[in-house]
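Here is a short report on a structure that may be new to you. Have the sequence and the 3D view at hand as you read.

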Amino acid sequence: MAIPFKGTKEQEAKLMEVIAAHKDEKGATIPVLHEAQEIYGYLPIEVQTMIAEGLDVPLAEIYGIVTFYTQFSLNPKGQYPIGVCLGTACYVKGSGDILEKIKEILGIDVGECTDDGKFSLDATRCIGACGLAPVMTIGEHVYGRLTVDEVEDILKKY
Amino acid sequence: MSENVNIKINGAAMSVPADYTILEAAREAGIDIPTLCYLKDVSKTGSCRMCIVEVKGARALQAACVYPVSEGLEVMTNTPKVREQRKLTLELLLSNHDRKCLSCIRSKSCELQDLADELGVEGISFEGEMTEHDIDNVSPSIVRDNKKCILCRRCVNMCKDVQTVAVIDTMERGFKTRVSTAFEKPLSDTACVNCGQCIVSCPTGALYEKDNTKEVWDAIADPEKYVIVQTAPAVRAGLGEEFGYPMGTPVTGKMAAALRRLGFDKTFDTDTGADLTIMEEANELIERVQNGGKLPMITSCSPGWVKFCEHYFTDFLDNLSSCKSPHQMFGAVMKSYYAEKNGIDPKNMFVVSVMPCVAKKFESGRPEMEADKLRDVDAVISTRELARMIKQAGIMFDKLPDEEFDVPFERASGAGVIFGATGGVMEAALRTAADTLGGKSVEDIDYTEVRGIEGIKEATVNMGGMDVKVAVANGLGNARKLLESIRDGKADYHFVEIMACPGGCVNGGGQPIVPSRDKMDVDVRVQRAKALYSEDVNSKIRKSHENPDMEILYSEYFEKPGSHKAHELLHTTYIKRNKY
């Protein structure tokens, strides 16, 4: 959780444009949050505060919305975002254990990012590769028919 | 919307206004429907499902608190299906509730406990996983214990819609849903103003005041300490409720007797501090008017309001009167004038304020609130905490004789008493300013236009040939509206009174808890204010400047209002605070 905010002036200018474009709309908060996440990749306190101030909506309300919807993220994506499929096929083939192993190795929970910003971890729904179950993705790369023992070596490659 | 519609409740025909809900109609017909999330004028979320009723023609059971009446509506409130469902819903709520009633601060004033009793809950059939929460007790005023929270959202609606402070909201969803602050910060790290209206809105023990009674007991037990207690005006208007008196019964005499029996060395009345505040504030107002100072001047007695201004209306900080609030002034007088006069070492003095307010706990800890390294006030307890102390001490309140406050300072004015109701500070100030500006004693001193519970009140009062324009706001949502209209140039006043709590201090966050169902029938703000206005009418002295102690204090110590010494001890400063 200790990843410092590295927003740029350009990103801020973009966000301000988005806020200005939606400001007087009813129900502007969610579209603005979506676009803000596009810009920053996630919604840290700094970004939520800018939105609260810009739209004149309480910060607690914004945070309530961000934590309600799973598509909003409080944490940045890592350089290598990991997705472990918890769809039915992968799950019965043991992807839950794989997820636990990754959590243990990286010391982070689902939705979090390692302190060095290298890996972030998500549990995904079915990614449509059931034939390869259990499956995890790292960035664009897909690893199938995984066993718990293979995980450590795979992560070492990054 | 004065048209009526004809409906039937439990088979009985009745005609009710068309804008009623089933809940309101039933209540008028003498039918009690259990509620938890509903709080009149504050919260109407329809989420707890306790008030479900059968509506003829409707597929499912309906929530009476949000279901509007209509012509021909037929409702059944007491069928086996309704009773069973309510009980089931309550058991589900209880299944994720920290059921430590024996040690809960709200035991016997808990709406959840009451309902479990009323609906005949015999056991919890749904033992399962419980949500885990940490207690947030960092704030000097408010403690949050989410393990007791039933997610009714009454606190959220109070904080957001009524007070427009909005530092708490519902976070996450499903089983993880919780009431919290943005980024789970402790309340004290947010722009919470400590008004405590969340506490008096909470049906359970999820929100309560930081308890300071232990420090007070310890001080009383310490033979080295000279312990002085002072009580705010609104306390006498509420304390009786804790001992079975009807709402609005002033219990000043019994309260003074109880405090003496608790072992305080001196029992004084903050009303004297209120009179002193008026002396200073009226003088400040006249100076500002005559010397082109910043106007409108805004009262600074309500620490919830002051912090609200410091977070949200920093452009109004210069408008705030520099006067400390009455109990802080009184504390400062105790540790200076009173200590000197009576040969008491002020370092051994311990001043306790009994307040209808939990923001006073924060206020008394502000770094500004001291002189010569002596805190003005050492501990603040709420009306509820005083009631607990009286009970712990085995004092039978109703058997107590009526006693007076201690001498000196036993003769505060009626103006000081009405400080506890919205408009009271304004009226007290007007009584003194009218005499000062007019140069003679004004007879007609009932400024009824500033009384009452309307959110924003305005008046123009002619004083010594000058039209003085004043406004009064109670509740921070109303304060926000008033300040915005001043900021936009739509209104201009000389003097503005703002109290953070709706109705003023009588309805403060430290006052006895009133069950939500009682709030449907009585207006707490009106009933408790009556106690203060009746005490004012019966006072021999009704103007602050006619309180003989003021004459003594100024001639023996402060010289005159606004003097150098007065500024050192009785005035303060404010700071800008962040909104986030």
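The report covers the model, chain A, the interface and the cores.

## About the model

This is a predicted model, in which local features need pLDDT of at least 70 and side-chain atom pairs count only at pLDDT 80 or more, while totals for chains, interfaces and linings use all residues. Residues are numbered from 1 along each chain as its sequence is written, chains are lettered from A and ligands numbered from 1 in the order in which they are written, and side-chain values use heavy atoms, with hydrogens and water left out.

## Chain A

Chain A holds seven helices and four strands. Both are DSSP runs numbered from the N terminus: helices are H or I with at least four residues, strands E with at least two. From the N terminus, the order is α-α-α-α-β-α-α-β-β-β-α.

The C-alpha atoms of chain A fill a box of roughly 50 × 30 × 25 Å along the principal axes. Of the 158 residues in chain A, 44% are buried. Buried means under 20% relative accessible area, exposed over 50%, and partly exposed in between (1.4 Å probe, protein chains only).

## Where the chains meet

Chain B brings 17 residues to the contact, and chain A brings 18 residues. Contact here means heavy atoms within 4.5 Å. Together the two chains bury about 1400 Å², with 65% of it on carbon and sulfur atoms. Buried area is the accessible area (1.4 Å probe) that two parts lose on being put together, summed over both. In chain B, Arg173(B), Phe183(B) and Tyr580(B) lose the most area to chain A, together 49% of what that side buries.

Two salt bridges link chain B and chain A. Such a bridge needs a side-chain nitrogen of Lys or Arg within 4 Å of a carboxyl oxygen of Asp or Glu. Glu61(A) and Lys160(B) form a salt bridge through their side chains, at 3.1 Å from N to O. Strand E8 (residues 169-171) of chain B gives the most to the side of chain B that touches chain A, with three residues.

## Nonpolar cores

A nonpolar core is a set of buried Ala, Val, Leu, Ile, Met, Phe, Trp, Tyr and Cys residues joined through side-chain atoms within 4.5 Å. The largest has 60 residues, and those touching the most other members include Leu239(B), Met334(B) and Leu386(B). Helix H11 (residues 326-342) of chain B supplies the largest share of this core, eight residues.

Leu386(B) touches Val235(B), Leu239(B) and Met255(B), among others, not counting residues up to four places away in sequence. Another core lies apart, with 46 residues, among them Cys149(B), Cys192(B) and Cys501(B).
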